[in-house]
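Please open the model in your viewer and follow the stops below in order. Each stop gives a selection and then what is found there.

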Amino acid sequence: MKLKNTQLLKTQSFINGAWLESTKTYAVFNPADNSEICKVNDDGAAQVELAVTAARAAQTKWSRITALEKHDILIDWYQLIMKHQDDLATIMTYEQGKPLAESKAEIAYGAKFIQWYAEEAKRVNGEILPAPSNDRRISVIKQPIGVVGMITPWNFPSSMLTRKAGPALAAGCTVVARPASETPLSALALAELAQQAGIPDGVLNIVVGKNSSEMGRVLTQHPDIAKFSFTGSTNVGKKLLEQCASTVKKVSLELGGNAPFIVFDDAKLDKAVEGALASKFRNTGQTCVCANRILVQSTIYDKFCEQLTEKVKLLKMGNGMEPDIEIGPMINRKALSDVNNLVKEATQAGAEILIGGSPLDRESNFFQPTLIKNVSQSMSIAQNEIFGPVAPIISFDTEDEAIALANDTRYGLAAYFYARDIGRCYRVMEQLEYGMVGINAGVISNPMAPFGGVKESGIGREGSHYGIEEYLEVKYACFGDIE
Ligand code: SIN
């Protein structure tokens, strides 16, 4: 890996402002060719405990520095991230596999959460409320919740950390984060830059290691952790939520999705095709907001399938470090085999492959960009989160049927639809049981908007002014005997 600044390639846990020596390590692999990139610390519960102690000790001082000071430090961090965008993107493409252009975009996307919350730090306002009698006053203040435990995913190794750490730090909380073991390097590079930006020792701690359940147990059960935030699958999220019950932690969960992407017959077809392509194939289909089921009105079904197939034919797949690549590898063999099984089951049940349909070859983690038609809602490919470059296309007749199909899932993260009729746009938007809805828009994530789901897709919101509330407690002060 060629970096302009080799200091950014860190391999040890970052605890209390220091890089922790360890004799126990594990290998991080490049998903494009399964070659070893480097070895990193294989730390565990004991190191998470150390980090919690450091975060607890740093908490009071960090919570008391002024909003403007917090702002300035966070802005320095943001600027350093942008200054090193190229190196950070290279590290990401090596460990995660996404095309370099997408990695660069993710670094900028992630940095913007730091920039945004640097400003929000200045707006943690209290309130004076009407009192029940003349000798009383009601004040409301907002205070940082305390130490926050975080587990971040491999699909967005940089921006999912900044989307949590940005508001946490701006609110005055300290952080112990455990990045996914597949992609620890992006998080460690961010820690190096955080230190350069002047984030004090103990305020941001990153612990890397393979034993996710052991580390997760400490992060969810430690009495000194007041809040826990997780991005990952619904099944793992449910277990972590249960573990948080013993200490009644405040919890944010950003879990799985089964996003419907509905195309009505009054839509601009070319825009809908473009939107579907962007929504489905971003990050090789490995996002929790990717279009998971494309629902197309029967009157335009064949035309839509034809146009989308022509676009998918042009997608260039390969190692994300090569020029013009749009589809990278899947994260590992297990992910590839899960997707392959869903495709096989669908074709055995009568669905028809329009393009793609199988892994590239026996050894690699590449799965061909795939479109499948004649899919029905009962097939497992329509019921489960695919998390790969495969789009099942389902036909529907009426608006009511489309809404019913879209809502027929335990998930409720993102939904998309394309239509021009304004009445339909409002009707459908209001009836979709989802936390986020894209209307004539296939990619909707940005730091200014509240990201999050309903039903089994999660609890809480990240991004926007809503995001910082997740890291604040409301305190009501009742002043009595006022003469
Ligand atoms: C995710 O897949 O977890 C996040 C995707 C996004 O921020 O758009």
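**Stop 1: Gly44**

Select Gly44 and, leaving aside its neighbours within four places in sequence, show what is in contact with Gly44: Glu214 and Met215. The model is a predicted one. Gly44 sits in the loop that runs between strand E4 (35-41) and helix H1 (45-64). With a relative accessible area of 8%, Gly44 is buried, the cut-off for that class being under 20%.

**Stop 2**

Is Ser103 buried or exposed? Its relative accessible area is 0%, so Ser103 is buried. Neighbours within four places in sequence aside, Ser103 is in contact with Ala89, Met92, Thr93 and Lys98.

Now select helix H3 (residues 85-96) together with H4. Their axes come within 8 Å and cross at roughly 120°. H3 and H4 are therefore oblique to each other, and the crossing is right-handed. To see the contact, show side chains on both helices. From H3, the residues are Gln85, Asp86, Leu88, Ala89, Thr90, Met92 and Thr93; from H4, they are Leu100, Ser103, Lys104, Glu106, Ile107 and Ala108. Coloured by class, this contact of H3 with H4 shows six nonpolar, four polar and three charged residues.

**Stop 3: aromatic pairs**

Stay on H4 (residues 100-120) and select Tyr109 and Phe113, which are four residues apart, about one turn of the helix. How do the rings of Tyr109 and Phe113 meet? Their centres are 5.1 Å apart and their planes stand at 65°, so the pair is edge-to-face; planes over 60 degrees apart fall in that class. Both Tyr109 and Phe113 are buried.

Move to Phe264 and Phe396. This aromatic pair is edge-to-face too, with 5.6 Å centre to centre and 75° between the planes. Phe264 is in the loop between strand E12 (259-263) and H9, while Phe396 is in strand E16 (residues 390-396), so the pair ties together parts that are 132 residues apart in sequence. Phe264 and Phe396 are both buried.

One further selection here is Phe261, Tyr416 and Tyr418, which ring pairs link into a cluster. The count of aromatic pairs comes to seven.

**Stop 4: the H9/H10 packing**

Finish with helix H9 (residues 269-281) and helix H10 (residues 301-313). At what angle do H9 and H10 pack? The angle is about 50°, and the axes are 10 Å apart. H9 and H10 are therefore oblique to each other. Viewed for handedness, H9 and H10 make a right-handed crossing.

Show the side chains at the contact. On the H9 side, select Leu269, Asp270, Ala272, Val273, Ala276, Leu277 and Phe281. On the H10 side, select Lys303, Phe304, Gln307, Leu308, Lys311 and Val312. By class, the contact of H9 with H10 holds nine nonpolar residues, one polar and three charged.

Technical notes
Residues numbered from 1 in each chain as written. Predicted model: local features only at pLDDT ≥ 70, side-chain atom pairs only at ≥ 80, totals over all residues. Heavy atoms only, no water. Axes fitted to C-alpha atoms, helices over the stretch in contact; angles between N-to-C directions. Helix = DSSP H or I, 4+ residues; strand = E, 2+ residues; numbered from the N terminus. Parallel < 35°, antiparallel > 145°, perpendicular 65-115°, else oblique. Left-handed = near helix turned anticlockwise from the far one by under 90°. Contact = heavy atoms within 4.5 Å. Nonpolar A, V, L, I, M, F, W, Y, C, P; charged D, E, K, R; others polar. Phe/Tyr/Trp six-rings, centres within 6.5 Å; stacked < 30°, edge-to-face > 60°. Buried < 20%, exposed > 50% of the residue type's maximum accessible area, 1.4 Å probe, protein only.
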